[in-house]
Amino acid sequence: MLKRKATDDIKKWVCSKNKKCLIVQGARQTGKTYIIERFAEENYEEFVEINFKQLPSATDIFTGDLTVDNMIMAMRFRFPEKKMIPGKTMIFLDEIQECQEAITSLKFWAIDNRFDVIASGSLLGIDYKRASSYPVGYVDYLRMYGLDFEEFLWGLGISEAMTGNLCNYLHSQTVIPEAVNSQMMNYYRQYIATGGMPEAVQKYVDTRDFREVDRIQRSLLQGYQYDIAHYATAEEKVKAEKCYLSLTKQLLEKENHKFQYKEVEHGGRAQKYFSSIEWLLRADMVHLCKLVTDVRFDLDDYARDDFFRAYTTDLSLLMAMKDFSLKQHIVENTLEGNSKGGIYECAIADALYKKGYQLYFYKNETTKKEIDVMIQKDGKVLPIEVKSGNTRASSLRSLMKNHKDIAYGYKLVEGNTGVSEDRIITLPLYMIAFI
């Protein structure tokens, strides 16, 4: 079983004083159902799971009066083997988007507070069936992603104590022993080639065979394409799939990684395809990094909705869009040119997205200086430049020189740790997982 950080988040929710129902959100196949099932089995005397896609007749439980007593009575008739013990029972409503009344019932479970209730589902953001949203004030939210690099290391048997030592190097900004740094870069390349989807990671942990990993990745991508075909409107189906499958061109095959509609279709324009990007965003299939016209807090005030980069929500899916040889080049460190820079930029964006950051990038049209990624941390702007080698970060250096209010910036490289006089902290690429 792969260890996931989300387990600790669920524990915190259970221990919270102001108990509400918990909505676990996230892209499909990121391990939401598995984590909830394992948590319930290990921490509760009784576990009641209702999957509304698998058991559509269970919607009958939520017809009529939505009092907790009525719903518990209906569950006892449906599942006579379940004891339904107050305070010792977890109720899991999976694929809850299939039952509007179950969504409404979350308010009454929260008020009653005798049972811990978790809900989850696929494509919760596209509202293809729901008439209303979740009851405000009665639910907490937890977003799950694919595995990050630290979770990947745990899967390989690297202990938390060892990853904790890496954090010490980060905080002290001291050089990492070369043997450790070299091995960590090897692990990081393996992670990029595998991605973070649990099924792909588990296959790699079990077999160390990238051919088997590739098979899983392509199956996951087919599932995502099925979701587009099944859930997108008739008008969006073909356009959304074209946009999605164009991401490797957008990110790996050209120097400018801005999303360009002409890469989707010859002569393609925003007027035709922007709604498809919006659909993919709501469906948790992409996340965006928007251009900002200034580098002052709050960056969102300077963000342009029409000028962005689009990334897959996990590297496993990006890998599946390319030939198997890409994984081989990544692991063997034989990538060159735009592909190498593009891959590392995608990996850094993936890490920051999984930490919950909104991503931005900056480009000065006059000087042509460009910052790969910018985030906001503790109310301050943090610029990050990604280097596929260990070359000079001229754009970042210029930015730091002209903006004394920015405390520091990161330069992420294939090399080792270092600090310059320009408030630029140089770190190995994999250290993004511990920032």
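Predicted model: local features only at pLDDT ≥ 70, side-chain atom pairs only at ≥ 80, totals over all residues.
User: Where is Asp284 found?
Analyst: Asp284 sits in the loop that links α12 (270-282) to β6 (286-292). Helices (H or I, at least four residues) and strands (E, at least two) are DSSP runs numbered from the N terminus.

User: And is Asp284 buried or exposed?
Analyst: Buried: the relative accessible area of Asp284 is 12%, and the cut-offs are under 20% for buried, over 50% for exposed and partly exposed in between, with a 1.4 Å probe and protein chains only.

User: OK, on to the sheet. What order do the five strands have?
Analyst: The order is β2-β3-β4-β1-β5, in an open sheet with parallel pairing; a pair needs at least two DSSP bridges. At the edges are β2 (46-51) and β5 (139-143), each pairing on one side only. On average, neighbouring strands in this sheet are turned by 20° against each other, direction ignored.

User: How many bridges join β2 to β3?
Analyst: Six, and β2 runs parallel to β3 (residues 89-94). Opposite Leu93 in β3 stands Ile50.

User: Which strands does α2 lie across?
Analyst: Helix α2 (residues 32-43) lies across β1 (21-25), β2, β3 and β4 (116-120), and runs at about 165° to β3. Axes are fitted to C-alpha atoms, for helices over the stretch in contact, and angles run from 0 to 180 degrees between N-to-C directions.

User: What about α4?
Analyst: Helix α4 (residues 100-112) lies across β1, β3, β4 and β5, at about 135° to β1.

User: Nice. At what angle do α1 and α2 pack?
Analyst: Helix α1 (residues 6-15) packs on α2 at about 55°, and the two axes are 10 Å apart. In this contact Thr7, Ile10, Lys11 and Val14 of α1 meet Ile35, Ile36 and Phe39 of α2.

User: Last one: how do α7 and α9 cross?
Analyst: The axes of α7 (residues 178-194) and α9 (residues 210-231) cross at roughly 35° and come within 10 Å. On the α7 side, Gln190, Ala193 and Thr194 meet Phe210, Val213 and Gln217 in α9.

Key
Residues numbered from 1 in each chain as written. Heavy atoms only, no water. Contact = heavy atoms within 4.5 Å.
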